[in-house]
Each structure stands twice: as C-alpha cells, then as structure tokens.
Amino acid sequence: MTLKKSEKILLEILVLVAGFAAVLVFFFMPEAERRIELQSLSEELETELNEKQLLMLNQTLDESCAEARRQAEKNYDYFYSVLNGYSIDEIINRIAQEKNLAITTLNIGEYEDASADFTENVEGELSVLVKSTVNVTVLGSYDNILEFMDAVNEKSTCLRMNLISITENQNDATGEQGMLATFRIYLYGINVELEKG
C-alpha cells in the first residue's frame, strides 16, 4: 500500500506533533514544574532571610538574650548549685539553733534520679530532676519542733518533708528537750551544668 503525497505530509506532521508533544511532556513540563517549585522555595527563603535580617537589626535582642541568661543562672542557682550538701547542712543547723533545738543526727544522701516523683509514665520530661534524702533528728520542745518544721518548709520550694515522727524523749529529766522528732526531707535539684560565658 502506497501513501499519497498529501497523506505522507499529514503523517510527517503527525509524527512531528507527536515528537514535539513527547519532548514537551518529558523534558519541558518537569522543568517547568521544577522551576515553579524552586521559585516558591526562593520566595520562602527570601522571606526567612528578611525576618532574620530584622532580628539582627533588633537592638533589644542582645538585651533579651542577656536577661534570659541572667534568669537561667538565677534558676540554676536556685534549683541546683545553692542547695548542695554543705548549704543544706548550714540551713538545717541554723534553723535548729534559731528554734532552740539540738540536732542528734543529720544524714544528707547523694543525689539520685527523681523524675518519677511528680509525673506518672512520662519518659524524658523530667529526666534532669534529682533529689537528695536528708534525715534529721532533733531534740526540743513540741512547739519548737513545729516551728522548725514550718521554717524548713518556708525556706525553699525545693524542699519537701516526707516523713515526720515525734516521740517523747524518755532521757530528758529537765523537760526542756521533752520531745524527739525525726524528719525525712527531700531536697530537689536540677542535674545540668550551665555553660558559663
């Protein structure tokens, strides 16, 4: 079967159109879509760059950063560095002296993980929370022991009394140290090192 000249021309035109369509679909369309995506990404990055440049020009940014660092140091001091073994010993002894109590025993334990003390089944949220168990036994009057307990509770929110046992002191003939009180106190802290500078 032979094709007429006009049929050959139509067939050639059809092949050219099909070839052009194939080139358009396989080469130009993906590149056009990629160009649109890149243009959109460029606009997003330009917006982000403008926001960051505005932040860099913000004069209060350094002041805010310095204030945040001061607050972080204050929180660190409050929750961790101030309440170490030496300072808790000093706090307990000072309060006992102010309340006319005699300390017979004072035991300050090592810090241990306390992440489960305030939350149930939460992983990782309080993994930096630690506690030290402080056991203290004092001799004195009942009223002074109650005042001691109140003073310790008011000293810091990092301290939590867990156990209180008050018994009569059988060895006191004077009546001045008529009661024997044993306290278990949990001392909480944050186990992180704050970077200096």
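Lys 131 is buried in this predicted model, because its relative accessible area of 9% falls under the 20% limit for that class. The residue belongs to strand E3, which covers residues 129-140. By contrast, Phe 26 counts as exposed at 63% relative accessibility, and 3 salt bridges are counted in the model.

**Surroundings of Lys 131**

- Leaving aside residues up to four places away in sequence, Lys 131 touches Glu 110, Tyr 111, Glu 112, Ala 114 and Asp 117, as well as Tyr 186, Leu 187 and Tyr 188.

**Nonpolar surface patch**

- A nonpolar patch on the surface is formed by Phe 20, Val 23, Leu 24, Val 25, Phe 26, Phe 27, Phe 28 and Met 29.
- Together, these residues present about 840 Å² of accessible area.
- Phe 26, one of the patch members, is placed in helix H1, which spans residues 5-57.
- Phe 26 is classed as exposed because its relative accessibility of 63% lies over the 50% cut-off.

- Lys 52 pairs with Glu 48 in a salt bridge, with 3.2 Å between the closest N and O atoms.
- Both residues, Lys 52 and Glu 48, lie in helix H1 and are 4 residues apart, about one turn of the helix.
- Lys 52 is partly exposed at 47% relative accessibility, and Glu 48 is likewise partly exposed, at 37%.

- Arg 70 and Glu 67 form a salt bridge in which the closest N and O atoms are 2.8 Å apart.
- Helix H2 (residues 60-81) holds both Arg 70 and Glu 67, which are 3 residues apart, about one turn of the helix.
- The relative accessible area is 48% for Arg 70, a partly exposed residue, and 40% for Glu 67, also partly exposed.

- The side chains of Arg 94 and Glu 90 meet in a salt bridge with an N to O distance of 3.4 Å.
- Arg 94 and Glu 90 are separated by about one helical turn because they are 4 residues apart in helix H3 (residues 85-98).
- Arg 94 is partly exposed, with 33% relative accessible area, while Glu 90 counts as partly exposed at 48%.

Definitions and conventions: Residues numbered from 1 in each chain as written. Predicted model: local features only at pLDDT ≥ 70, side-chain atom pairs only at ≥ 80, totals over all residues. Heavy atoms only, no water. Helix = DSSP H or I, 4+ residues; strand = E, 2+ residues; numbered from the N terminus. Buried < 20%, exposed > 50% of the residue type's maximum accessible area, 1.4 Å probe, protein only. Contact = heavy atoms within 4.5 Å. Patch = residues over 30% accessible without salt bridge, like charges linked within 9 Å, V, L, I, M, F, W, Y side chains within 5 Å. Areas by Shrake-Rupley, 256 points an atom, 1.4 Å probe, with all protein chains shown as cover. Salt bridge = Lys/Arg side-chain N within 4 Å of Asp/Glu carboxyl O.
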